[in-house]
Structures are given as C-alpha cells and as structure tokens.
Amino acid sequence: MKLKLAAIIAIIAVFTVQASAHHSFAMFDKEKVVTVSGTLKLFEWSNPHCWLHIVAVDPVTGKNAEWAFEMGSVPQIAAQGWKADSVKAGDKITVTAHPLKDGSRGGQYQSAKFGDGRTLQHE
C-alpha cells in the first residue's frame with residue numbers, strides 16, 4: 001500500500017512540475033505583427049517549443065542582427081506541415097510574428113514563407 005501511494009505521489013509530482021514549467025505568452029504583443037526577411041541560422045525542432053533563428057539586416061544600423069521566433073511544440077507545428085528538415089541553415093525565409101513587448105528582436109511565430117515560395121502558418 002505504501003509503495004502504491006508513493007507511486008501515485010510521484011506521478012502527480014511529475015505532472016505538477018511539467019504544468020508549472022510551461023510559460024505564459026504574455027511577453028508577446030498580440031496587437032502587433034512584424035515581418036522579418038533574412039537567412040535561417042538555426043531551426044530548433046524540439047519540445048516544448050520549436051524555434052526559428054534568423055539573421056536579417058537591421059534597417060537602422062544596416063548590420064546583421066539575429067531574431068528568434070518561438071513556435072509551438074513538435075506535434076503542433078507538424079500538424080501545420082512542418083518537418084524536421086523543412087528548412088536548413090542558409091535558406092532564405094520570411095517570418096511573420098507577434099513581436100516581443102520589450103522591443104527585443106524576436107516574437108511568436110505566425111507564418112513563414114520560404115525562398116521556394118512555400119508558406120506554412122500557425123492555425
């Protein structure tokens with residue numbers, strides 16, 4: 001009986017930690033949309049969230065700047081048509097996203113258009 005109770009407590013603890021580890025999306029400005037065109041530096045195909053890292057020319061400085069766009073989980077973006085090999089470093093890409101409220105170079109991915117004309121989007 002003690003072993004069964006310990007197992008139940010352990011299972012509850014695991015789910016509690018996972019639930020509390022998930023963050024809010026309050027850092028993104030849902031009222032605004034930015035579009036960034038550049039070159040893919042890195043596509044992170046991982047849970048809990050996938051990421052697109054893009055290098056784009058900063059219109060103010062004229063220098064390259066890195067942007068990071070948070071996506072959904074692997075199953076979520078796979079349902080949109082993404083695959084682990086959908087893009088690779090060096091590919092031209094345009095990302096539309098809700099920007100970060102603090103003005104940092106990043107945002108919450110909404111859609112991507114690839115150099116070959118393909119488009120994928122958050123549903």
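**Close-up views of a predicted model**

**View 1. Thr 39 stands opposite Val 55 in β2.** The model shown here and in the other views is predicted. The pairing of β1 with β2 is antiparallel and runs over 5 bridges. A hairpin of 6 residues connects β1 to β2. Thr 39 also has a bridge partner in β4, namely Lys 92. Strand β1 covers residues 34-44 and strand β4 residues 92-99; these strands pair in the antiparallel sense, with 6 bridges.

**View 2. Cys 50 sits in the loop between β1 and β2.** The relative accessible area of Cys 50 is 0%, so this residue counts as buried. With residues up to four places away in sequence left out, the contacts of Cys 50 include Phe 43, Glu 44 and Trp 45, as well as Phe 69, Glu 70, Met 71, Gly 72, Ser 73, Val 74 and Ile 77. Gln 76 is 26 residues from Cys 50 along the chain, and the C-alpha atoms of the two are 9.6 Å apart.

**View 3. His 53 belongs to strand β2, which spans residues 51-57.** His 53 is buried because its relative accessibility, 13%, is under the 20% cut-off. The side chain of His 53 forms a polar contact of 3.2 Å with the side chain of Glu 66. When neighbours within four places in sequence are set aside, His 53 is in contact with Thr 39, Leu 40, Lys 41, Leu 42 and Glu 44, and also with Glu 66, Trp 67 and Ala 68.

**View 4. Glu 70 is a buried residue without a salt bridge.** Glu 70 is part of strand β3, residues 64-70. Lys 30 has the nearest side chain of opposite charge, at 9.5 Å; this pair is not a salt bridge because the cut-off is 4 Å. A polar contact of 3.5 Å links the side chains of Glu 70 and His 49. Across the strands, Glu 70 stands opposite Gln 108 in β5. The pairing of β3 with β5 is parallel and has 3 bridges.

**View 5. Strand β5 takes up residues 106-114 and is largely enclosed by the rest of the structure.** The reason is burial: 7 of its 9 residues are buried. On β4, Thr 96 stands opposite Ser 111 of β5, and β4 and β5 pair in the antiparallel sense over 7 bridges. These two strands form a hairpin with 6 residues between them, and Gly 103 in the turn has a positive phi of about 85°.

**View 6. β5 pairs with strand β6, residues 119-121, in the antiparallel sense.** This pairing runs over 3 bridges. Thr 119 in β6 is the bridge partner of Lys 113. The β5 and β6 hairpin has 4 residues between the strands, and Gly 117 there adopts a positive phi near 100°.

**View 7. The whole chain, for orientation, contains 2 helices and 6 strands.** Read from the N terminus, the order of elements is α-β-β-β-α-β-β-β. The chain has 123 residues, and 33% of them count as buried. Among contacts with a separation of 6 or more, 54% are between residues 24 or more positions apart. The accessible surface is about 7900 Å², and carbon and sulfur atoms hold 61% of this area.

Definitions and conventions: Residues are numbered from 1 along each chain as its sequence is written. This is a predicted model: local features need pLDDT of at least 70, side-chain atom pairs count only at pLDDT 80 or more; totals for chains, interfaces and linings use all residues. Side-chain values use heavy atoms; hydrogens and water are left out. Buried means under 20% relative accessible area, exposed over 50%, partly exposed in between (1.4 Å probe, protein chains only). Lys and Arg count as positive and Asp and Glu as negative; His and the chain ends are not counted. A polar contact is a pair of N or O atoms within 3.5 Å; within protein, one must be able to donate a hydrogen and the other to accept it, and residues adjacent in sequence count only if both atoms are side-chain atoms. Contact means heavy atoms within 4.5 Å. Accessible areas come from the Shrake-Rupley method with a 1.4 Å probe; for residues, only the protein chains shown count as cover. Two strands pair if DSSP finds at least two bridges between them.
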